[in-house]
Amino acid sequence: MVQIVISSKAGEGPAEWLLVELQGEVVSRQNTGLAGNLMGDLHYTKEGVPVLIVGHHILYGKQVKLEKPFETMETNQENPTSYTVSALIKKKLIFKTRPKPIITNVPKKV
Amino acid sequence: MDEYDEMYGIEDDFEQQFADELEVMAEMDREHPPGVKVSEFRSKKPISQTFEEAIVSGDVPLRKSVNNQHPESISPPVCEEEESLTPKPKKRRQDVVKKLQFGVENCDDITPPSSPEVYDRPARDGPGFSLSLSPDRSAATKITTNVLDISGLTALQKSPKQVTTARHAQKRPPAIGDYITVTDSMGNRVYLNKKEDKEKAPDPRAFRNSLNGLGLLAVPIEVLKEQIAERRHRQVLEESQRLTELMNSGISPELLAEEQKDSGVDGDSGEDEGLSSRLWVDQFSPQHYTDLLSDDFTNRCLLKWLKLWDTVVFGRERKPRSTPADVRSNFTNAQNQNQSQRFKTKSQMTEEILEAELDQYKRPKFKVALLSGPPGLGKTTLAHIIAKHAGYNVVEINASDDRSAELFQKRIDTATQMKSVLGANEKPNCLIIDEIDGAPAAAINILLATLNRKDSREGEESGGNALKKRKKKQSVLLRPIICICNDLYVPALRPLRQQAFLLTFPQTLPSRLAQRLAEITRRHGMKADTGTLMALCEKTDNDIRACINTLQFLHSRGQKHLDQRSVNSISVGLKDQNKGLFSVWQEIFQLPRLKRKRIGGDSFGGFDEAGPKDGTQRLQHILHLVSSNGEHEKLTQGLYDNFLSMKLKDPGMLGVCAGLDWMCFSDLLNECVLHGQNYSLMRYFPFLPAAFHHLYAANSVPRINYPHSNYEAFTKTQHTKNALLAMLNDIPPAVQSRISISCLCLDILSLLLDLISPKLRPVNPQLYSTREKQQLYDLIDTMINYNLTYRQDRTPEGQYTYVLEPNVEDVVHFPGLPPRRQLTYQVKQLIARETELERMRRVERAQQKRNSQKTETVKKDQEGKKTEVKKQTNRNHQQRLENIVKQTVVESRPELDFFGRAIVPKEKPAVTTTSEDGKGGGVVHIGKAVGNSDVWFRFNEGVSNAVRRNVYIRELL
C-alpha cells in the first residue's frame, strides 16, 4: 500500500485556476512558437460573459462548472513522494463560437 | 334742381366718352336721313332746339341780344346752315379738326378759334345755362314743356349755338373748294364752305357693303344706333316721369294734371312692371298634375312609383291593378312583339320595375327615384307636383343648401323620420334632393347608407302592421326620396344609379310648349303668332324656363308684339350650356339643317332664305357655342386634326391655305396671350372655329376623330429629346463643347450614322489586315467619342438584334424614307464588344495616369531606403491592392491633437515596410494594428448546424 501524501501549502488554501477551452488553435504568426508570447486579453463583460481577444479576433464564450474538478499538483522529490496542490480548477471557459474579426483600419476609399 | 343737373351731367359724360364712336358712326351714316338719331335725343333738351323753332317762336329781340354778346359772329345765316348740316355735334368736331389743320389758310374765319372742348361744353353745361334757370321753375316742367318754348329758355338755347355753328361762315369766298353764298336778313353776305363735307362723307353704305360682308355684328349698325337712340329717349322719358312724380308729391295741381296727361303714355308699362315683379315662371308654374308640360309617360311613371309607397306610408293596401282594356291590349301586343325580339324596350323595363313586388318592409324595390335631364324641362316642378298630388309634404334640399355629409345626414333623417304635428294637415314628408349631381360624394354615400339600412330586429317585425313598424324601427327608410340631376353620369352618382329608379326626361314637345307660351302671352296681352313661339322654343332647345323668362324679359322691355326677328336677334334665351367637344366640332363642320318652312311663315322664313343673314347667324351661333365651351386648345387641336378630312371643294387648296393661315393667327394670338398675360385678346379665339365653319362646313355628317396628333407629336419630341440628351451627356467635354442638341440632330447625326457603318469583313478581327484594324479602331474611337454603342435587343418576334444605344437612329429617320444601310449582326456584335473593351482600357489608363504621380513619390522614398529587390515579384493584382492601400493611407487626414497640431504618425514607415515584405500586405498591416500580437487564432469549423432527422432503414428499403 503506497501512501501518497497530498498536501496544500501551509497557511493558505490552493489557488483557483480556470480552464480555457477553445474551438480551434492558437497559432504563432512567425512560426516562432507560442512560448513566451502574449496570447491575448481576457475580459468579462458586465454580465459576466468572458471575452477573449486573440490577435485580430474576438471570441465570446461562457463559463461552465466542471463536472469533475481538476487540481494541479507539484511533485516533491522526496523519498516518500509527496504532492503539493498548487491550484484547483472548478470552472472552465468555453469559446466555441466562430471568432469575430476586429477591423481597426477601415479604408476610407478603395 | 340737383337732379336736373345731374341728369345732364351724366349725359354729357356719355357724349364725351363716346365722342369718337359717335363721330365714326356719324361719318359712316352721313347718307342716312339726317337728324334721325341726333335730333331724337337732342330734341328732348332745351338746348338743341333748332333755330327755326326759335325764330318761329318769334324771339327776335332775344336773338339780337345774343348778337350783342358776340358782336363778331353772324347769327342769322346759321339757320340756313342748320338745314343742310344736321348732325351737329359731329360736324362741330370735324370742323375743329379741319380748322386745326388749315388754320393758316382760313385766317379770315370769323369764328373765334378755340379748343374742341370749348365748342362742346357751352352747349351742355355752360355756367350761364345752369345759372339762368329760374329758381321757382322746376326742372321737370322745363323738360315736359320744351315744345312750348318758354322765353326764359330760348335765350339760353341760343348762346351756345352762337359759338358752335357760325364756323363755316366766312366773309370772303374761300380760296379753295365750292361754297354757297348766303345773305341774311341784315344784308350781310357770307360764304359757306361746301366741298369739305363732300370729302369728309363718303357713302358709308357702299363702304360698308364692300368690306363688311361677314357681318360681324349680330345686328346691323343702323339698328343698333336706332336702339341706342330709343333707349336714350326712354331714359329721358323715365327720368322726366320720375321727376314729375317727385314734383307731384309736393306742389301745383295744374302741373300734376299736366303731368298725368303726359305720363299717360308710359304709365301702363310701369304698372305692368309692378305686376310682373313676380317671375312668370313661378306665376305660370303648373299647379296640378294635368297642367304638366313634360312628357306624359315620365309623369305617369314617377307617379306610379310614388304610389308604390302608399302601403308603407299611408297604410293603404295596394289596389289590384285594373288597367284599362286598351292599355292592356297594347301592352300585351308589345309583349308579344318583344318576345320575338327577346329584348325589352326601355319603357317596358320601367313598367316592369313598377310592377315589381314590394320588399319585406313593403317598400318598392327602388327606394329612390332619380330624375335626369337638361335644365328647364320641369323636373323639379314635376317632382313637387307629383309629391303633392300623392299627398306628401315636400321637403326640398337644394344646391344652395349646405350639403356637407353630416348636415345631409341630419336633413335626411329629419325629413324621412319625422312628421309635422302642428298644422291642420299632417302629411308625411317626401324628400326631394335637387341638383344632386353637385353634391359631394360623401353626401351621396350617406344617402346610400340610409337606403340600405337594415333593421336589427327584423325577425320579430315581419308580421307587424305599418304603424307599429314605424314606431319601432326608426332606422329603416320609410319615405320616398326623389333625386334630381342634370347629368346622370357624374362619377359621384354611380353607386346611386344602380339603386335608383331612373327616369330620363325627354325633350318637351315644342308644340305643347308653344301652346303654353301662347297662353301666357295672351294673358299678358302680348301678341305673338305660333311660328314665333315655335322659333323661340327651338332657340332655347325646348327649355320651358328659358322660354318663359325670355318672354317676360321682352315684355318688361315694353315689347308687346313679338315677331320672328326679335326672337332671333336677342341673345337672351341662349343658355350658357356646355356642349361636349364632339358636338361642338360637329356643329363647326356641319352646316345647320335647313329649317322646315312653316305654313304662313313669310315673315318667318325670312331668316333662312336670306343668304348673308344666314351666314351672320351661323357665325354668331358658332361664336357663342365656342366661347361657351371654353376649351379652346382642345377645340383647336380637334379642328386641326379633322379639317383635312372634310370634303374640300376647292381644287386650288385655297381653303386649306386660308385655314392654315387662321391656325397661324390663332397660334400667334395664343402665344401673345400666354406670354404677355394679355387676356383681353382671348375674346378673339372663337373666330378661328367660326372661320373654319365658313371654310369647311358641309351638309354631310362629319366623321370626327378625337385629336391625337398633338399628343403623339409631344411624346415623340420627348422621346427624341431624351435620346439626344442621353447621348450628349456622356460625350467627352472636348467634343461636347462644339455640339448642341439642335446641331446634333440637324447637322451631325445623319452623317455620323453613315460614318459609323463602314464596310467590315464579318470575320474575327485577329484576321484583319493592319488597314482594317486601323479602320476598326477609328470606328470604335468615333463611337466612344460620341457615346454610342450597340446594345443587344430582342424583337417581339424573338430575334436578337443590335440597336444603337442611345437610339438616335429614330431621331434622324423620316417615315417613308428607305431605312439606311445596316451593318450585319456579327459586325455589330464585334463592334459592341470592342467598344466595351476599349472603354475599359481607357478608363484604366486614365486611372493609372491619375495614380502614377502618387506612386512615383512613394516609390522614391522606397528607393531611398531600400534597394529594389522584389519589384518584379509584384504581380498585377497585388500592385493594385497596394495602390489602394496606399491611397487610403495617403488620403486619410493627418491626425490633429487637441490643440490642432499635427501628430507625427509613427507607424507610417512601418506600414510601408510591411507592405514591401510582400506577404499579403493588407493582412499584415491589419494584424499589426490590433494589439500588435504575434499570436492569432484559427477557428476549427467542426460543428454542423444541419437538421438532424431519424431515418429508418425501412424507409430506404
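Is E25(A) buried, partly exposed or exposed? With a relative accessibility of 37%, E25(A) counts as partly exposed, a value that, like every other one in this account, is computed from a predicted model.

The side chain of E25(A) meets that of R938(B) in a salt bridge, with a nitrogen-to-oxygen distance of 3.2 Å. Because E25(A) belongs to strand β3 (residues 24-28) of chain A while R938(B) belongs to strand β11 (residues 935-939) of chain B, the pair joins two chains. R938(B) also counts as partly exposed, at 37% relative accessibility.

E519(B) is partly exposed, having a relative accessible area of 32%, whereas R523(B), at 56%, is exposed.

Another salt bridge in chain B connects R833(B) with E834(B), the closest N and O atoms lying 3.7 Å apart. Here R833(B) is partly exposed, with a relative accessible area of 49%, while E834(B) is buried, with a value of 16%. Salt bridges with shared partners also join D781(B), E838(B), R841(B) and R842(B) into one network.

Chain A has 0 helices and 9 strands, so that, read from the N terminus on, its elements run β-β-β-β-β-β-β-β-β. Of the 110 residues in chain A, 24% are buried, and the accessible surface of this chain comes to about 8100 Å², with 54% of that area belonging to carbon and sulfur atoms. Among the contacts in chain A with a separation of 6 or more, 60% are between residues 24 or more positions apart.

In chain B the secondary structure comes to 45 helices and 11 strands. Chain B has 957 residues, of which 38% count as buried, and its accessible surface comes to about 56700 Å², with 55% belonging to carbon and sulfur atoms. For the contacts in chain B with a separation of 6 or more, residues 24 or more positions apart account for 75%.

Two packed helices are described by the angle between their axes and the distance between the axes. For helix α17 (residues 296-307) of chain B and helix α21 (residues 379-389) of chain B, the axes come within 10 Å and cross at roughly 45°, and α17(B) and α21(B) are therefore oblique to each other. The crossing of α17(B) and α21(B) is right-handed.

Which residues of α17(B) and α21(B) meet at this crossing? From α17(B) come N299(B), L302(B), L303(B) and L306(B), and these meet L382(B), A383(B), I386(B), A387(B) and H389(B) in α21(B).

How values were computed
Residues numbered from 1 in each chain as written. Chains lettered and ligands numbered in written order. Predicted model: local features only at pLDDT ≥ 70, side-chain atom pairs only at ≥ 80, totals over all residues. Heavy atoms only, no water. Helix = DSSP H or I, 4+ residues; strand = E, 2+ residues; numbered from the N terminus. Buried < 20%, exposed > 50% of the residue type's maximum accessible area, 1.4 Å probe, protein only. Contact = heavy atoms within 4.5 Å. Areas by Shrake-Rupley, 256 points an atom, 1.4 Å probe, with all protein chains shown as cover. Salt bridge = Lys/Arg side-chain N within 4 Å of Asp/Glu carboxyl O. Axes fitted to C-alpha atoms, helices over the stretch in contact; angles between N-to-C directions. Parallel < 35°, antiparallel > 145°, perpendicular 65-115°, else oblique. Left-handed = near helix turned anticlockwise from the far one by under 90°.
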